[in-house]
Amino acid sequence: RYTPKKPEVSQMPAWWRDPLVCTYGDELSTLNIPDVKMNGPEFNADWVRHLVDVAEQDWGIAHMNLVLDAFWQIQFALDPVADAARFGDIRAFNEEMHNRGHHVIAWITPVFDSVANGFTPLSQKMDVLSNVAVSPLGVPGSFLLDFTADNIGPYFEKVCRKLFGDDEGEYHFDGVK
């Protein structure tokens, strides 16, 4: 009943046309920071601030869509649960980036969730996990979501509220990758 239609350029928010700066490639390289490793302790809020400083000062980017790729969150958690050891208060970080004129897009895993992170994920509480186990990057404890589950709509409403909401306890991201 719904026919998708690509919006006209004039209908797109202006910020959609801003450059994308994604942390993932630089998580794999060094960006002039010695010994930076993907998923290493170097990938944190200060590391991303440095990347943003380089983009602003060296590349001349005043407004960007900053993609926080893998590892801003607890490993493979879809709830989402930010990794406080890496980003402290992710909401404060996002607001800082907004105040600098940037939008922040979060990498997520929208088809599976992990039950191996030391807490009961919302997907498990709301009974939307299937019994199909997956091992992303060789890490066990993840299961595909059951998109036919009765609670899948309310589940994603809660996930989206946590990701995009601007009330207390919500992250205020601008989009997801």
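Helices, by which I mean DSSP runs of H or I with at least four residues, and strands, which are DSSP runs of E with at least two, are numbered from the N terminus, and serine 123 lies in one of these helices, α5. What I am showing is a predicted model, in which local features need pLDDT of at least 70 and side-chain atom pairs count only at pLDDT 80 or more, while totals for chains, interfaces and linings use all residues. Residues are numbered from 1 along each chain as its sequence is written, and side-chain values use heavy atoms, with hydrogens and water left out.

Let me stay with serine 123 for a moment. I will call a residue buried under 20% relative accessible area, exposed over 50%, and partly exposed in between, using a 1.4 Å probe and protein chains only. Serine 123 has a relative accessible area of 0%, so it is buried. If we count as contact any heavy atoms within 4.5 Å, and leave aside neighbours within four places in sequence, then serine 123 touches Asp79, Asp113, Val128, Leu129, Leu145 and Tyr155.

Proline 80 itself sits in the loop between β2 (65–68) and α3 (84–87).

Two further residues deserve a look for their backbone angles. Aspartate 127, in the loop between α5 (122–125) and β5 (129–134), has a positive phi of about 60 degrees although it is not a glycine, and because its relative accessibility is 59%, this aspartate 127 counts as exposed. Histidine 172, which is found in the loop between α6 (152–164) and β7 (175–176), likewise is not a glycine and has a positive phi, near 60 degrees; its relative accessibility is 21%, so histidine 172 counts as partly exposed.

Now to the sheet. Strands of a sheet pair through backbone hydrogen bonds, either parallel or antiparallel, and I count two strands as paired if DSSP finds at least two bridges between them. Here we have an open sheet of four strands in the order β1-β2-β3-β7, with parallel pairing. Strands β1 (20–22) and β7 each have a single partner strand, so they stand at the edges, with one side of each left without a neighbour in the sheet.

Which residue of β2 stands opposite valine 21? That is leucine 66, and three bridges join β1 to β2. Four bridges then connect β2 with β3, where leucine 68 stands opposite alanine 106, and alanine 106 in turn has valine 176 of β7 as a bridge partner. Strand β2 is covered on both faces, with Asn65 and Val67 buried on one side and Leu66 and Leu68 buried on the other.

Finally, the charged side chains. Taking a salt bridge as a side-chain nitrogen of Lys or Arg within 4 Å of a carboxyl oxygen of Asp or Glu, the structure holds 10 of them. Arginine 49 meets aspartate 46 at 2.9 Å, N to O, and both lie in helix α2 (residues 45–57), three residues apart, about one turn of the helix. Arginine 49 also meets glutamate 96, again at 2.9 Å, N to O, and this pair links distant parts of the chain, with glutamate 96 in helix α4 (residues 90–99), 47 residues apart from arginine 49. These residues belong to a network of salt bridges that links Asp46, Arg49, Asp53, Glu56, Glu96 and Arg100.
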